[in-house]
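Thanks for coming. I will keep this brief and go through the ligands one at a time. Please have the structure open while I talk.

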Amino acid sequence: MAEETPINSTRPVRAAIVALVRNSDLFGLRLAIRQIEDRFNRKFQYPYIFVNDEPFTEEFKQGVRDLTRARVDFGLLDEESWTVPKWIDKARYAEVKRTAKYPHGEKDSYRKMCRFQSGFLHKHPLLADLEYYWRIEPDVEYFCDIDYDPFLFMRQNGIKYGWNIAMTEFMDTVATLWNTTMAFAQENPQMIAKRSMRNWLVDANGAYNGCHFWSNFEIVDLSFYRSAEYQMYFDYLDRAGGFFYERWGDAPVHSIAAALLLDASQVHYFSDIGYFHPSVLSCPADARTRSSCVCDSDSSFVQNGLCTVRFKEERHHALFPDAKHEAVHSGLVFTAQAHVIVE
Ligand SMILES: Nc1nc2c(ncn2[C@@H]2O[C@H](COP(=O)(O)OP(=O)(O)O)[C@@H](O)[C@H]2O)c(=O)[nH]1
Ligand SMILES: *[C@@H]1O[C@H](CO)[C@@H](O)[C@H](O)[C@H]1NC(C)=O
Ligand SMILES: [Mg+2]
């Protein structure tokens, strides 16, 4: 049975498709898995790992397993990874929840979720053997066949962080994230990459511009999150309390870390992957000519959005500081189809 397949029996990379989800997410998650299977994983059979702060029901497990022949593991979170830490001032936090004007501002669970995805998901025991993960969420959609292995592509090109949607943030949720980050950078200057993407994050006045990758899609070389640098950065943020006094998201935290701690060449835009997370569509520019895509590039504003365009420019500047205006040549290695396992 597929469920008994060891994690690295036939696949070239030790990787899995991973999500934190609730039992109530079953329907939306099935929608996502159906498309991941049809567009990609039917050929590759990467395992799935789902984790939850409450035990998964039998109905949930069956409902997921019914959709795939790949191995599926279900895990529970430990207490440390899903909590309001003891150094958080209860009265101050209660006042924040009472007065916050941004989405999910009144919620404990959403903040615990963001803290967990920032600092603990990659440390869950079920992920211990993985080199890479691909994050999914309930209700996401995939519109084009993915006929190469993005994990292998990342390994072959030395990429540590792959993203698909870049957006600006509700600034009230991250009001002091940037100055806290700058304080960390001042204390640990050796941790900032020489060719970092720092300029992608700041406006003309040097303030955080809110740009971040949507972490509901992220393909990550987990050595990045497991690095001493990332761990120290997360711990610094956690101590500062902004996951609770504000509502720091795992998306800006991951993005700022990737932009400052990684070399610009290690961050990759998967613009070829047609993707939707409510309410944003990212449809490849060549979707009309690619027979397998079922999305409309003309409705995909995000691919021409400020944070996306500036990413391309700033990445190019970081890698080729002397270049004038030549076309961007990525030099990426592509071995589509090279590792298709089963049909
Ligand atoms: N187990 C669990 N998962 C949660 C909880 N809150 C959010 N999630 C998961 O965290 C991810 C992000 O939550 P979502 O509601 O999609 O947030 P959004 O994408 O920012 O609107 C999804 O995979 C959710 O299923 C929670 O309280 N418990
Ligand atoms: C960041 O700014 C806030 C508000 O301006 C201030 O209270 C806080 O001390 C600053 N934090 C750091 C680490 O500089
Ligand atoms: Mg979501």
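This is a predicted model: local features need pLDDT of at least 70, side-chain atom pairs count only at pLDDT 80 or more; totals for chains, interfaces and linings use all residues.

In total, 14 residues surround ligand 1. The closest are Leu20, Asp25, Asn52, Asp53 and Tyr110. If you look for the element behind the shell, the largest share comes from helix α4, residues 108-119, which supplies four residues.

Now the polar atoms. At Leu20 the backbone is involved: one of its polar atoms is 2.6 Å from an oxygen atom of ligand 1. At Asp25 the side chain is involved, with an N or O atom 2.6 Å from an oxygen atom of ligand 1. Asp53 also uses its side chain, where an N or O atom is 2.8 Å from a nitrogen atom of the ligand. Ligand 1 has 570 Å² of accessible area on its own, and the protein covers 82% of that. As for location, ligand 1 sits in the largest pocket.

On to the other ligand. Which residues are around ligand 2? They are Thr176, Asn179 and Ala183. For Asn179, an N or O atom in the side chain is 2.2 Å from an oxygen atom of ligand 2. On its own, ligand 2 has 360 Å² of accessible area, of which the protein covers 31%.

To recap the cover: 82% for ligand 1, and 31% for ligand 2. That is all from me.

Terms used:
Residues are numbered from 1 along each chain as its sequence is written. Chains are lettered from A and ligands numbered from 1 in the order in which they are written. Side-chain values use heavy atoms; hydrogens and water are left out. A residue is near a molecule or strand if one of its heavy atoms lies within 4 Å of it. A polar contact is a pair of N or O atoms within 3.5 Å; within protein, one must be able to donate a hydrogen and the other to accept it, and residues adjacent in sequence count only if both atoms are side-chain atoms. Accessible areas come from the Shrake-Rupley method with a 1.4 Å probe; for residues, only the protein chains shown count as cover. On a 1 Å grid over the protein atoms alone, a cavity is a set of points where a 1.4 Å probe fits but cannot get out, and a pocket is an open set with protein on both sides within 12 Å along at least five of seven lines; lining residues have an atom within 4 Å of a point. A molecule sits in a cavity or pocket if more than half of its atoms lie within 2 Å of its grid points. Helices (H or I, at least four residues) and strands (E, at least two) are DSSP runs, numbered from the N terminus.
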